[in-house]
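Hi,

Here is the model I promised to pass on. Have a look at it first, and my notes on what turned up follow below.

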Amino acid sequence: MPMDVAYVDSQAPNAGAIKNARAVVLKRKLVGLFRSPDGTLLFGDCKGSGAENYRPSADFSDPSRPVYRCTCPSHQFPCKHSLALLYAYVEGSPFAEKEVPADISEKRAKVQQRAEKQQGDATQPRKVNTSALRKKIQAQLDGLILLEALVHDLVRAGLGALNAKSARQVEERATQLGNAYLPGAQNALHALTGLFYRSRISSDDELKPADRERIYSAALDQLNRLQSLCKQGRKYLERRLEDPDLRPETDSDIAAWLGHAWQLRELREAGLVQTDVELLQLAFHSHDDWTRGEFVDTGVWLNLHTGAVQQTKNYRPYRAAKFIREEDSCFQVLKCPELCLYPGNLNPRIRWESAEPRDATAVDFQKARELARTDLRAVIKDVKTQLKSPLGDRQPCALVRYKTLGRVGEAVVLEDPTGERLVLAEDAEPGEPGTLPLLSLLPAAMLRDQAVLLRFHHDLDARTLHAKPLSLVTAADVVRLTY
Amino acid sequence: MSLALIEESAKEVRRLAIAGSPLAVGDFRLKKLALPLDQAGAKVPVFAQVAKAITDLVDGDEACSAERLLSLSTLLNAILYTQGQTGLEGDVSPLATTPVTGSVTRTTARLLRPLQEALTSTGSGRFEGVKSAVDAGSFRDVRLVDPALQALGDAYPELADLVAEKILPGFGPGIAGRLKDGLNLQGKRQDARRLEVLHRVAPATAVPLCEEALESGSPDVKAAAIACLGQHEDYLPLVLEQAKARNKQVKAAALEALATQDRPEANDLLVAEIQGKDLAEMATILRRDPSPALVNAVLAEASKALALALKNNRPGVERLAVALHCLENQRDPNTEDLLLRLMNGVQGMGSASLAASNLGGSGIPKQAAELLYRIGSPRSLESILASREVLPLDCFQLVVQTAIRSWPPARVFDEFAPLLKSRKAADKKKVGPIENAMGIALDREEWAALAEDSSRNLGLRPLQDAEWDPRWLDVALEADQHLMVCYLARPGHPAAIEYLVKSLASGRPVDAPFSIRALSWCQYPRLTEVFMELVTKSTQGVRQVSWATQKLFQSARHLPAADLPKLESFAATLDEKFMEPFLEALASLRSTAPTA
């Protein structure tokens with residue numbers, strides 16, 4: 001199994017696990033290092049706090065989906081012992097050849113059986129408990145009525161009456177939305193109330209009058225979204241109530257807005273699948289979304305087959321963050337045998353079950369540049385079409401070819417080969433550094449005839465549609481301006 | 001499309017959403033927009049939709065006002081989202097680029113973000129992370145330029161200085177524009193650092209700003225400007241002028257800059273300062289690398305002060321102390337002559353000379369003895385030994401060290417060993433200094449590491465090669481001087497080994513690492529077993545890893561590497577909280593152990 005330190009780093013659930021795993025190697029706690037004769041299994045013995053040594057292993061029988069096992073009690077996967085095994089491997093420690101242990105052989109067989117069973121299940125029609133589903137949909141409809149009532153109460157009282165204290169009271173009332181299987185709607189409401197206080201922990205978090213003035217337009221837009229969510233959600237749920245066999249809607253992302261967690265199986269059944277796809281990550285960002293109570297890792301990827309700019313989202317709720325793998329920047333091309341797409345939006349969310357990395361080459365960067373859109377006017381039109389939908393993503397991304405990145409007065413502008421222009425500006429994405437100041441530090445050649453990944457944002461008060469450059473794609477590399 | 005009407009409507013809707021939707025019912029400002037919108041609707045149907053939504057809201061009842069206000073707002077926003085301004089008229093000029101050394105590297109978010117946060121936030125624990133990133137060469141990424149610039153004003157000055165000295169200059173002249181843009185000549189230390197970095201990366205840009213700072217800068221920035229200009233001979237007159245400044249910081253910066261230029265006009269001014277009352281403020285400059293002219297000036301001052309000090313004149317003593325402080329790094333014959341003259345007169349000096357000076361923290365005799373010891377010539381050392389009877393007690397350790405360097409081992413023993421057996425209080429006070437001198441002679445550094453106490457280490461030249469009279473060990477055993485026994489223990493001396501084993505069993509825990517080191521020297525065959533027994537004893541019933549236990553674990557490095565498997569097996573028997581530090585302590589042993 002060819003791998004390097006960067007690959008092992010990418011397998012770690014978080015930075016702490018990397019540090020701990022390296023410490024395990026450094027302290028020479030790995031007291032036995034073995035590999036199977038066919039090289040698909042690395043395993044070993046590792047000293048730990050228990051009376052017996054732990055037995056970590058890394059199983060590469062399916063290289064696109066490695067399985068890490070360990071006898072330690074950690075809930076992190078891979079644990080520090082399994083990661084330490086990989087670090088020892090990439091650092092050239094000698095691994096003695098040894099037959100696959102019996103317990104791992106058994107587990108491998110079980111995995112095989114499970115995969116076959118899953119494959120068999122996939123072809124079987126799924127049985128749906130219609131009475132339970134009806135009950136759930138009814139609860140969701142009741143929840144939407146509650147949400148609508150909350151929204152109308154807020155509008156009747158006026159946004160001027162909403163402050164940090166009352167925003168928190170609204171959130172408390174909205175906890176019922178979670179019980180009504182509407183976590184998506186609850187998050188949308190929190191996105192509104194979260195505008196009215198400065199932090200999730202401080203008690204002294206009232207906004208200053210000048211700050212309040214700046215958020216009213218965004219708050220009203222969010223109220224519009226909530227109203228649209230109630231209306232569209234009700235129609236959608238009523239249709240499903242009449243026909244419980246009806247699949248979740250794929251023409252729009254209303255199901256996700258209501259909080260439906262799409263299963264890969266459902267996406268396959270809906271035909272939202274592409275096969276043998278290669279993905280190149282263009283940008284990455286991880287931020288603490290305290291209105292949702294989650295860390296959100298967002299990757300922006302270019303589909304090298306279709307040219308679509310797609311997104312991965314990894315949500316890590318605070319309470320479980322330690323046990324969920326934190327995503328990181330990826331500089332390799334991922335080969336996905338099967339790619340599942342979520343419904344809706346210019347940049348649909350994507351997921352895959354297994355992917356194999358390979359080094360990105362000049363050919364990939366050249367292809368990425370060819371796939372970049374050359375007609376800025378058409379891009380802007382698509383963006384505006386998405387923005388005018390109340391439930392559309394407010395920050396769509398696009399990879400665009402440009403003739404020049406220059407200046408008109410104080411503003412930085414992008415000009416495409418047809419002479420169409422777009423003003424570039426920073427946006428308010430939390431925890432992400434500004435990128436425009438970096439442009440002047442780059443070689444001048446990068447500012448002409450390249451491709452740029454843009455993230456659009458519309459300023460409701462200024463009535464402008466601007467974009468923030470996230471990465472430049474040159475013939476030699478993806479130059480990341482964020483992460 | 002008459003967008004102004006839509007924008008006007010959106011403005012009114014925003015106002016009503018803030019005030020509360022019931023106020024929208026009958027609102028005349030909104031109502032008056034309905035008619036022109038309806039008329040425009042003949043050409044653009046969406047305008048008619050807006051007009052209808054307004055009418056429904058304004059003419060409806062309060063109960064439906066919230067829903068209708070939101071419907072209207074949604075419609076207006078949908079229109080406005082399609083009308084966002086994107087471009088800009090005018091000629092496009094190229095972005096002025098000043099590429100920096102380095103580029104956007106393939107550094108992952110997990111590595112990059114903590115560095116950016118360390119440079120732009122506050123709180124403890126940031127310096128180490130940044131320093132290790134500097135050592136690892138991670139500051140080649142242009143995404144760190146702006147965070148590093150921000151860190152110039154960090155509340156933790158060590159971090160700000162590290163950024164100014166090690167990080168920003170690495171980006172090269174490309175950052176000059178940014179440094180210049182953010183520079184405030186009336187600012188504080190942050191701006192002073194900014195100017196210094198600018199001068200390092202782009203001197204031609206910085207010099208005019210330095211000149212301006214001399215005219216109108218704050219003291220911090222002015223001092224930095226003087227330091228920069230001091231590196232250019234052409235600006236000597238300007239720097240000379242600043243040496244007369246009233247502000248002490250500015251004056252000190254100017255004097256420091258002048259001291260680097262061995263020019264007659266600079267030296268004249270500096271000599272005048274040396275002869276004046278501010279000699280103490282010149283000490284930092286004179287201790288670096290002064291020109292011969294300046295050294296001679298200090299020596300002349302010291303000679304005058306010595307003449308007064310020998311008459312027990314208090315101001316003379318103080319002046320002499322300051323002059324000696326300035327001469328600390330001098331080894332030339334003139335300085336030696338002065339010190340020898342001083343040593344000859346020590347006996348005649350009064351109590352004033354023994355008092356600690358403001359700068360050195362010690363009296364004149366000790367200052368002089370230390371300087372002579374550093375010079376280290378035979379006549380200097382002889383002079384210390386000749387004065388040993390009249391030198392104060394705080395010089396006794398230096399006397400013993402000098403004796404070790406100068407006399408045969410037997411003479412050293414005959415002179416000082418009797419003090420170990422003496423019962424006189426004055427003699428007992430001399431045992432400690434003998435022990436310290438012995439430690440320095442026998443590679444004090446290693447022993448200091450065992451004790452983690454280098455406070456008594458004078459930083460003087462260690463005497464690893466010194467030979468010792470073998471009788472010392474017997475005397476030390478007889479006097480129960482544990483540390484001395486540890487220093488002097490040697491293979492084939494059963495009494496010493498017995499003493500050390502006994503001390504491990506019943507002595508103080510803090511002494512154990514010394515005994516283990518000594519037993520290791522003596523090639524004691526049961527050392528590993530004794531060590532493990534001691535570890536078991538020290539960890540039984542103990543809740544946490546104490547400092548003494550930590551030091552005991554660390555002394556495992558003196559055990560035979562062949563015993564590593566035995567020690568690793570033993571580690572498994574320890575409690576979990578002790579296991580990790582114990583295994584860590586074995587790391588150094590592993591590097592010397594034969595690999596399996």
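Gln523(B) is exposed, with a relative accessible area of 62%; for that label the area has to be over 50%. This residue also has a positive phi of about 55°, although it is not a glycine. You'll find Gln523(B) in the loop between helix 31 (512-521) and helix 32 (527-539) of chain B. Do keep in mind that this is a predicted model.

Arg463(A), not a glycine either, takes a positive phi of about 60°, and it belongs to the loop between strand 15 (448-459) and strand 16 (464-473) of chain A. If you check omega values, go to Phe77(A) and Pro78(A): a cis peptide bond joins them, with omega at about -10°. Pro78(A) is in the loop between strand 4 and helix 3 (80-90) of chain A.

Next, the strands. Strand 13 (residues 411-415) of chain A is mostly covered, with five of its five residues buried. In a regular strand the side chains alternate between the two faces of the sheet. Here Ala411(A), Val413(A) and Glu415(A) are buried on one side, and Val412(A) and Leu414(A) are buried on the other.

Which strands does strand 13 of chain A pair with? Strand 12 (residues 397-408) of chain A runs antiparallel to it and is joined to it by five bridges. Strand 14 (residues 421-424) of chain A is also antiparallel to strand 13, over four bridges.

Now for the interface. 79 residues of chain A are in contact with 63 residues of chain B. The two chains bury about 6100 Å² between them, 57% of it on carbon and sulfur atoms. The count of residue pairs in polar contact between chain A and chain B is 37. Helix 9 (residues 209-242) of chain A gives the most to the side of chain A that touches chain B, with 10 residues. That side divides into 38 nonpolar, 19 polar and 22 charged residues.

How many salt bridges cross between chain A and chain B? The rule finds five. One of them links Asp461(A) and Arg14(B), whose closest N and O atoms are 3.9 Å apart. Arg110(B) lies in helix 5 (residues 109-120) of chain B and Asp328(A) in the loop between strand 8 (309-317) and strand 9 (332-341) of chain A, so the pair joins two chains. Both of these residues are buried.

Over all chains, the count comes to 62 salt bridges. Among them is the pair of Arg69(A) and Asp59(A), at 3.2 Å from N to O. Arg69(A) is in strand 4 of chain A and Asp59(A) in strand 3 (residues 57-59) of chain A, 10 residues apart, and both are buried. In chain B, Arg319(B) forms a salt bridge with Glu301(B), the closest N and O atoms being 2.8 Å apart. Arg319(B) lies in helix 18 (residues 314-326) and Glu301(B) in helix 17 (residues 292-309) of chain B, so this pair ties together parts that are 18 residues apart in sequence. Glu301(B) is buried, with a relative accessible area of 6%. Lastly, Glu426(A), Asp427(A), Glu432(A), Arg455(A) and Lys468(A) are joined into one network by salt bridges that share partners.

Cheers

Definitions and conventions. Residues are numbered from 1 along each chain as its sequence is written. Chains are lettered from A and ligands numbered from 1 in the order in which they are written. This is a predicted model: local features need pLDDT of at least 70, side-chain atom pairs count only at pLDDT 80 or more; totals for chains, interfaces and linings use all residues. Side-chain values use heavy atoms; hydrogens and water are left out. Buried means under 20% relative accessible area, exposed over 50%, partly exposed in between (1.4 Å probe, protein chains only). Two strands pair if DSSP finds at least two bridges between them. Contact means heavy atoms within 4.5 Å. Buried area is the accessible area (1.4 Å probe) that two parts lose on being put together, summed over both. A salt bridge is a side-chain nitrogen of Lys or Arg within 4 Å of a carboxyl oxygen of Asp or Glu. A polar contact is a pair of N or O atoms within 3.5 Å; within protein, one must be able to donate a hydrogen and the other to accept it, and residues adjacent in sequence count only if both atoms are side-chain atoms. Ala, Val, Leu, Ile, Met, Phe, Trp, Tyr, Cys and Pro count as nonpolar, Asp, Glu, Lys and Arg as charged, and the others, Gly among them, as polar.
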